[in-house]
Amino acid sequence: WLSIETPSIKNTSLAALFFALAMLTKPVAFLLGFSIALGLLIYYFRKFSIKLLIPFLILPVIYHGMCSWNQKVTGYYHYSSVGPFFVLKYMAKYTNAQVYGEDWADRTQDSIMQIADKQPTFEGRCKVMNEAGLHFIKQNIPVFIGFNIKGWLAFMIDPGRFDWVHFLNLNEEGFPGLYHLLNTKGWLNGILEFLKQAPILLLSILGLSLIWNLLISGVLFWFLFNRQLPIWLRLLAFLFLAYIIGSTGVLGLARYRIAVAPILWFAFLIGLNTVFFRKKHG
């Protein structure tokens, strides 16, 4: 935001530095800096010198450096091995579960993993997993798209069953995870089964958490479409949110929302300030 409000080498260098640290901290963030840099490029090309974006060249350097290091260690040029596992064990598995049932999805995943584990190289193992996962997704694209949309919605309103169970040190044996139930038995049947099995304390906390998430999501929607706020401020907030939501995809779990919690609070406080300001000045 400072790079847009007050363009300078100092501000773009700080932005590039933090995006670089994000890349090195969490592999899924490796495209985030590139996405923002593209937006800044469009902005600077119209109003300022694109030389201000030179510090962002550190991002492709880090990308190549990490890929080269991984190639040296594993023989496979890649940034992170999370991708193939995510494609097969989450995106493809839960897509298959909705089309063919949970048992079929589990058996299919196990058979593919057996083939992958027999590969003589790490590269071959990753390619088997990735290609098989993409194959199943392409066979059921409408289901996969709907599945992702549900994941995006869940990202914003998920009350955090997994996190609360472990925070409260509850024994989760006997009642499966809500996410698992929703994606194997459907939303209605999954919710009903969870309500029957979960402890009252947990249900009470999750209910309050859900109400809060709905409230903050509504305020966020207002924030993004409030024309009284600077367009670039809203666009940057949207880019951060869209990137994190899109990269988590089908998972849509509450703990991934931590990455954008500051933006949610920022939007919420601006919303409250606007409401009180209007009331005060009639």
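A salt bridge is here a side-chain nitrogen of Lys or Arg within 4 Å of a carboxyl oxygen of Asp or Glu. The model is predicted, so local features need pLDDT of at least 70 and side-chain atom pairs count only at pLDDT 80 or more, while totals for chains, interfaces and linings use all residues. Residues are numbered from 1 along each chain as its sequence is written, and side-chain values use heavy atoms, with hydrogens and water left out.

Both residues of this pair lie in helix H7 (residues 122–139), 4 residues apart, about one turn of the helix. Helices (H or I, at least four residues) and strands (E, at least two) are DSSP runs, numbered from the N terminus. Glutamate 123 counts as partly exposed at 27% relative accessibility, and lysine 127 counts as partly exposed at 39%. Buried means under 20% relative accessible area, exposed over 50%, and partly exposed in between (1.4 Å probe, protein chains only).

By the rule given above, the count comes to 3 salt bridges. Another of them joins the side chains of arginine 125 and aspartate 117 at 2.9 Å, N to O. Arginine 125 is partly exposed, with a relative accessible area of 22%. Aspartate 117 is also partly exposed, at 47% relative accessibility.

The side chains of lysine 93 and aspartate 106 form a further salt bridge, at 3.2 Å, N to O. Lysine 93 lies in helix H5 and aspartate 106 in helix H6 (residues 102–117), so the pair ties together parts that are 13 residues apart in sequence. Helix H5 covers residues 82–100. Lysine 93 is buried, with a relative accessible area of 18%, whereas aspartate 106 is partly exposed at 25%. Not counting residues up to four places away in sequence, lysine 93 touches Leu88, Ala105, Asp106 and Gln109. Contact means heavy atoms within 4.5 Å.

H5 and H6 pack at an angle of about 145 degrees, and their axes are 7 Å apart. The axes are lines fitted to C-alpha atoms, for helices over the stretch in contact, and angles run from 0 to 180 degrees between N-to-C directions. The crossing of H5 and H6 is right-handed; a crossing is left-handed if the near helix is turned anticlockwise from the far one by less than a right angle, and right-handed if clockwise. On the H5 side, the residues in contact are Leu88, Lys89, Lys93, Asn96, Ala97 and Tyr100. They meet Glu102, Trp104, Ala105, Asp106, Gln109, Ile112 and Met113 in H6. By class, this contact has 7 nonpolar, 2 polar and 4 charged residues. Ala, Val, Leu, Ile, Met, Phe, Trp, Tyr, Cys and Pro count as nonpolar, Asp, Glu, Lys and Arg as charged, and the others, Gly among them, as polar.

Asparagine 140 lies in the loop between H7 and helix H8 (141–157). At 10% relative accessibility, asparagine 140 counts as buried. Leaving aside neighbours within four places in sequence, asparagine 140 is in contact with Thr95, Asn96, Val99 and Tyr100. Asparagine 140 and glutamine 98 are 42 residues apart in sequence, and their C-alpha atoms are 10.0 Å apart in space.

The structure holds 0 disulfides, a disulfide being a pair of cysteine sulfur atoms within 2.5 Å. The cysteine sulfur closest to that of cysteine 67 belongs to cysteine 126 and is 12 Å away, too far for a bond. Cysteine 126 is likewise in no disulfide. Cysteine 67 is buried at 0% relative accessibility, and cysteine 126 is buried with a relative accessible area of 2%.

As a whole, the protein has 14 helices and 0 strands. The C-alpha trace spans about 55 × 55 × 35 Å along its principal axes. Buried residues make up 41% of the 282 residues. Among contacts between residues at least 6 apart in sequence, 67% join residues at least 24 apart.
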